[in-house]
Amino acid sequence: MKYASEADLQSCEEMIRHGSSSFYYAFSWLTSPQKEAVHVIYAFCRMIDDSVDEPEQSLYTIQELQSLFANLEQAEGHFIWPSLRWLFEAFPSLSRAPFQRQMDGQTYDLTFTRYSTMRELEHYCYLVAGTVGEMLLPVLKGEHSEEIRHSGIALGKAMQIVNIMRDIGEDGRRGRRYIPLELLSKHGYTEEELENGVIDDRFRALMDELRLLAEQWFATGLGDLQAYPERSAFTVELAATFYAGIMDVIVENEYDVFSRRAYVDDTRKRELLIQVAIRHGVDLEMLERPAVS
């Protein structure tokens, strides 16, 4: 059974560096082995997501990933398998259950593509993103209470709501509608109007309601930061702040999520970085060089 080499872990790092510059930069302030563990978790979640969203370009189907993960000790053929074996050995309190739930959640996108209620949406957000919070807690916090587990889940769900807001146009072109009929109906906005990219006061109101939900979950997710080691607390808040900033950009883009992709540029990231550093009492000089082991 092959365990991760330095090259395997570097390949995971490349996946997060190319796939999410915000997460890569935020978590680059961690020290080893936490930093490498985040890279491995991201890489596997990215593979799960790609197996559903871009199956023609993915090495594995979601069913193949589920089968290989279930037989992780024997899995070979890709750097992710020895990297995952390293991860579970390095962090023995890390459960495999949230990884399995993450895969289960992604399979929803194969058959369940239009949501009716906010409760259905929240359950989906838990499966595909709240589970990531569960994966990260043993890495960033170590032993943790059930209360802190719930805050980690809330942070993941908040980020997924941001994803849904940002990707409405892209998801629509894939035949998916995550905005529940319940929310559309509440604001007198139709499925047809969503498909046609109508932006008016009704659409802005439903987006603002989604933003409020995300902000509530962000607040819950960041409410227990004092229980984390300081460097972990800093990186978690930084990642959350970068992600929440996407919602500000959506507003600045006049809620056009149909033809424009909202992202936080490097200048704004730097401004947010300084704000978070000041809140945590981090020496600004260290911001020029993320921690290395």
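Which residues of α5 are buried? The views below come from a predicted model.

View 1. Helix α5 spans residues 80-90. Its buried residues are I80, W81, P82, S83, L84, R85, W86, L87 and F88. That makes nine of the 11 residues of α5 buried, so the helix is largely enclosed by the rest of the structure. The cover over these buried residues includes α1 (6-19) and α3 (34-53). It also includes α4 (62-70) and α6 (97-111).

**View 2. Packing of α12 against α13.** Helix α12 covers residues 201-221, and helix α13 covers residues 230-252. The two pack at an angle of about 165°, with their axes 12 Å apart. That angle makes α12 roughly antiparallel to α13. Their crossing is left-handed.

**View 3. Residues in the contact of α12 with α13.** From α12 come M207, R211, A214, E215 and F218. They meet A240, Y243, A244, M247, D248, I250 and V251 in α13. Nine residues of this contact are nonpolar, three are charged and none is polar.

**View 4. D265 in its loop.** D265 sits in the loop between α13 and α14 (266-280). Its relative accessible area is 38%; because this value falls between the 20% and 50% limits, D265 is partly exposed. A polar atom of the D265 side chain lies 2.8 Å from the backbone nitrogen of R268.

**View 5. D265 and H78.** In sequence, D265 and H78 are 187 residues apart. In space, their C-alpha atoms are 33 Å apart.

Key. Residues numbered from 1 in each chain as written. Predicted model: local features only at pLDDT ≥ 70, side-chain atom pairs only at ≥ 80, totals over all residues. Heavy atoms only, no water. Axes fitted to C-alpha atoms, helices over the stretch in contact; angles between N-to-C directions. Helix = DSSP H or I, 4+ residues; strand = E, 2+ residues; numbered from the N terminus. Parallel < 35°, antiparallel > 145°, perpendicular 65-115°, else oblique. Left-handed = near helix turned anticlockwise from the far one by under 90°. Contact = heavy atoms within 4.5 Å. Nonpolar A, V, L, I, M, F, W, Y, C, P; charged D, E, K, R; others polar. Buried < 20%, exposed > 50% of the residue type's maximum accessible area, 1.4 Å probe, protein only. Polar contact = N/O pair within 3.5 Å; in protein donor to acceptor, adjacent residues only side chain to side chain.
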